[in-house]
Amino acid sequence: MYLHLGQNTAVLSRDIVGIFDMDTSTVAKNTREYLKKAEQKGQVVTVSYELPKSFVVLSEKTKKDNRVYITQISTVTLHKRSDFPITQY
């Protein structure tokens, strides 16, 4: 199954590690450092240049590569589109 991230971008659901809210998750220093390192490695894909609301982390098993997709779609909407149970910590 595919998950549509907006702007003609879809990813395989089986590759998704997590869907994170941009406002709440980037408060943590570790998350900001992770995003910065992913950007430096060229692993970040910006889906839209509108105000980002969430980011999706993928581990692409076929490429043995991690990707981070930054999207303007909220985590709630992405969860509704997916077949994943919602887990909050």
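Q: If two strands pair when DSSP finds at least two bridges between them, which residue in β5 does I19 stand opposite?
A: I19 stands opposite V56 in β5, where helices (H or I, at least four residues) and strands (E, at least two) are DSSP runs numbered from the N terminus. This is a predicted model, in which local features need pLDDT of at least 70 and side-chain atom pairs count only at pLDDT 80 or more, while totals for chains, interfaces and linings use all residues. Residues are numbered from 1 along each chain as its sequence is written, and side-chain values use heavy atoms, with hydrogens and water left out.

Q: OK, and in what sense do β3 and β5 pair, parallel or antiparallel?
A: The two strands run antiparallel, paired over five bridges. On β5 there is also an antiparallel pairing with β6, over seven bridges, in which V57 stands opposite V68.

Q: So what's the strand order in the sheet?
A: The order is β3-β5-β6-β4 in an open sheet of four strands, with mixed pairing. Because β3 and β4 (44-46) each have a single partner strand, they stand at the edges, and one side of each is left without a neighbour in the sheet. Neighbouring strands of this sheet are turned by 20° against each other on average, direction ignored; axes here are lines fitted to C-alpha atoms, for helices over the stretch in contact, and angles run from 0 to 180 degrees between N-to-C directions.

Q: How many bridges does β4 make with β6?
A: Three bridges, in the parallel sense, join β4 to strand β6 (residues 65-71), and in β6 the bridge partner of V45 is Y69.

Q: Is β5 mostly covered or mostly open?
A: Six of the seven residues of β5 are buried, which leaves the strand mostly covered. Buried means under 20% relative accessible area, exposed means over 50% and partly exposed lies in between (1.4 Å probe, protein chains only).

Q: Switching to side chains, which residues make up the aromatic pair?
A: The structure holds one aromatic pair, formed by F20 and F55, which are stacked at 5.2 Å centre to centre with 25° between the planes. Rings of Phe, Tyr and Trp (its six-membered ring) pair if their centres lie within 6.5 Å, and planes under 30 degrees apart count as stacked, over 60 as edge-to-face and the rest as tilted. The pair links distant parts of the chain, with F20 in strand β3 (residues 16-21) and F55 in strand β5 (residues 54-60), 35 residues apart.

Q: And is F55 buried or exposed?
A: F55 counts as buried at 2% relative accessibility, whereas F20 is partly exposed at 34%.

Q: How many salt bridges turn up?
A: A search of the whole structure finds one, between the side chains of E33 and K29 (3.9 Å, N to O). The term requires a side-chain nitrogen of Lys or Arg within 4 Å of a carboxyl oxygen of Asp or Glu. Because E33 and K29 are four residues apart in helix α2 (residues 29-40), about one helical turn separates them. K29 is exposed at 55% relative accessibility, while E33 is partly exposed at 34%.

Q: Last one: where does Q43 sit, and which residues does it touch?
A: Q43 lies in the loop between α2 and β4 and is buried, with a relative accessible area of 15%. Not counting residues up to four places away in sequence, Q43 touches A38, D65, N66, R67 and V68, contact meaning heavy atoms within 4.5 Å.

Technical notes: Pairing = 2+ DSSP bridges.
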